[in-house]
Amino acid sequence: MNPPNLPASPAQPQNSGLAVTSLVCGILAPFTFLLTALPAIITGHIARSKVKSSAGAIGGGGMALAGLILGYASFALIPIIAAIAGLTAPLILRQRAKADQAHCISNVRQISGGLNEFQLTQGTDTAPYPSDIRQLDSFGITTNIEELLSVRSSYAGDWLYFSAADSENPSALLLVSPAIGPKRTPSESEHIVLTVDGATTVHRWKQIEKQIQESPTPPDRVPAPITGK
């Protein structure tokens with residue numbers, strides 16, 4: 001006796017390639033944003049349209065929908081991330097400026113030690129400091145004065161070196177750095193200042209101008225070597 005003929009099981013619809021593309025792009029969209037969010041949305045809409053018009057011959061509608069949701073959600077994240085970046089960028093710049101100042105202060109303190117050594121070993125009453133600060137290298141007092149005077153390319157300007165500073169006046173200026181820190185108006189720019197007593201501090205330009213005017217001779221301008229951005 002022959003078994004009854006069983007109805008053939010219906011063939012599974014083949015998933016739309018565009019639906020798969022939409023899902024993959026949607027998954028990547030939170031990390032790549034417009035690069036894959038827009039393709040996820042476009043391919044998702046096309047795939048859903050084809051799935052609906054295929055009368056069940058093409059599958060993947062769920063994948064296309066998931067790709068659409070992820071794509072649109074990534075667009076919604078853009079203003080949030082932009083707002084976070086807008087808040088954190090100034091903080092990062094301030095931290096970088098503080099790090100640059102700290103590095104510069106450390107270098108100035110080394111220069112201060114070199115100038116003090118020169119004054120004790122080779123200075124005279126009329127010339128307590130070298131006529132050119134870069135002579136500290138040639139006298140074997142510092143290892144690389146150019147490196148100690150280096151600044152980032154974002155800080156324009158030269159060092160001011162007061163070779164004729166009054167060694168008997170503790171507050172007399174010895175060295176003033178270019179503007180180091182956030183860009184402000186010239187009078188508000190911050191500079192590292194070294195005085196005869198070895199104090200290394202940060203002052204704004206308007207505080208330094210008066211001391212420069214009181215100096216016995218104009219300062220020498222020493223180009224600041226650039227280390228990069």
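**Burial, fold and selected residues of a predicted model**

Of the 229 residues of the protein, 33% count as buried, where buried means under 20% relative accessible area, exposed means over 50% and partly exposed lies in between, with a 1.4 Å probe and protein chains only. The structure is a predicted model, in which local features need pLDDT of at least 70 and side-chain atom pairs count only at pLDDT 80 or more, while totals for chains, interfaces and linings use all residues. Residues are numbered from 1 along each chain as its sequence is written, and side-chain values use heavy atoms, with hydrogens and water left out.

The protein contains 6 helices and 7 strands, these being DSSP runs numbered from the N terminus (helices are H or I, at least four residues; strands are E, at least two). In sequence order, these elements give the pattern β-α-α-β-α-α-α-β-β-β-β-α-β. The C-alpha trace spans about 130 × 40 × 20 Å along its principal axes. The radius of gyration of the protein is 34 Å, whereas a compact globule of 229 residues would have a value near 17 Å; this radius is taken over C-alpha atoms, and the globule rule is 2.2 Å times the number of residues to the power 0.38. Among contacts with a separation of 6 or more, 58% are made by residues 24 or more positions apart, a contact being defined by heavy atoms within 4.5 Å.

The protein exposes about 13600 Å², of which carbon and sulfur atoms supply 61%; accessible areas come from the Shrake-Rupley method with a 1.4 Å probe, and for residues only the protein chains shown count as cover. There are 16 positive and 16 negative side chains, and the centres of the two sets lie 25 Å apart. For this count, Lys and Arg are positive and Asp and Glu negative, while His and the chain ends are not counted, and each charge is placed at NZ of Lys, CZ of Arg, CG of Asp or CD of Glu.

Several residues illustrate the first part of the chain. S16 lies in the loop between β1 (14-15) and α1, and this residue counts as buried because its relative accessible area is 9%. Leaving aside residues up to four places away in sequence, S16 touches A47, V51, I58 and G59. V24 belongs to helix α1 (residues 17-32) and is partly exposed because its relative accessibility is 43%. Although V24 and S112 are 88 residues apart along the chain, the distance between their C-alpha atoms is 61 Å.

F33 is located in the loop between α1 and α2 (34-53) and, with a relative accessible area of 23%, is partly exposed. The C-alpha atoms of F33 and Q14, which are 19 residues apart along the chain, are separated by 29 Å. Not counting residues up to four places away in sequence, F33 touches S74, L77, I78 and I81. L77, one of these partners of F33, lies in helix α3 (residues 61-121) and is partly exposed, with a relative accessible area of 34%. Between L77 and P30, 47 residues apart in sequence, the C-alpha to C-alpha distance is 7.9 Å.

Finally, the cysteines were examined. C25 counts as buried because its relative accessibility is 14%, and C104 counts as buried because its relative accessibility is 5%. A disulfide is a pair of cysteine sulfur atoms within 2.5 Å, and by this rule the count is 0 disulfides.
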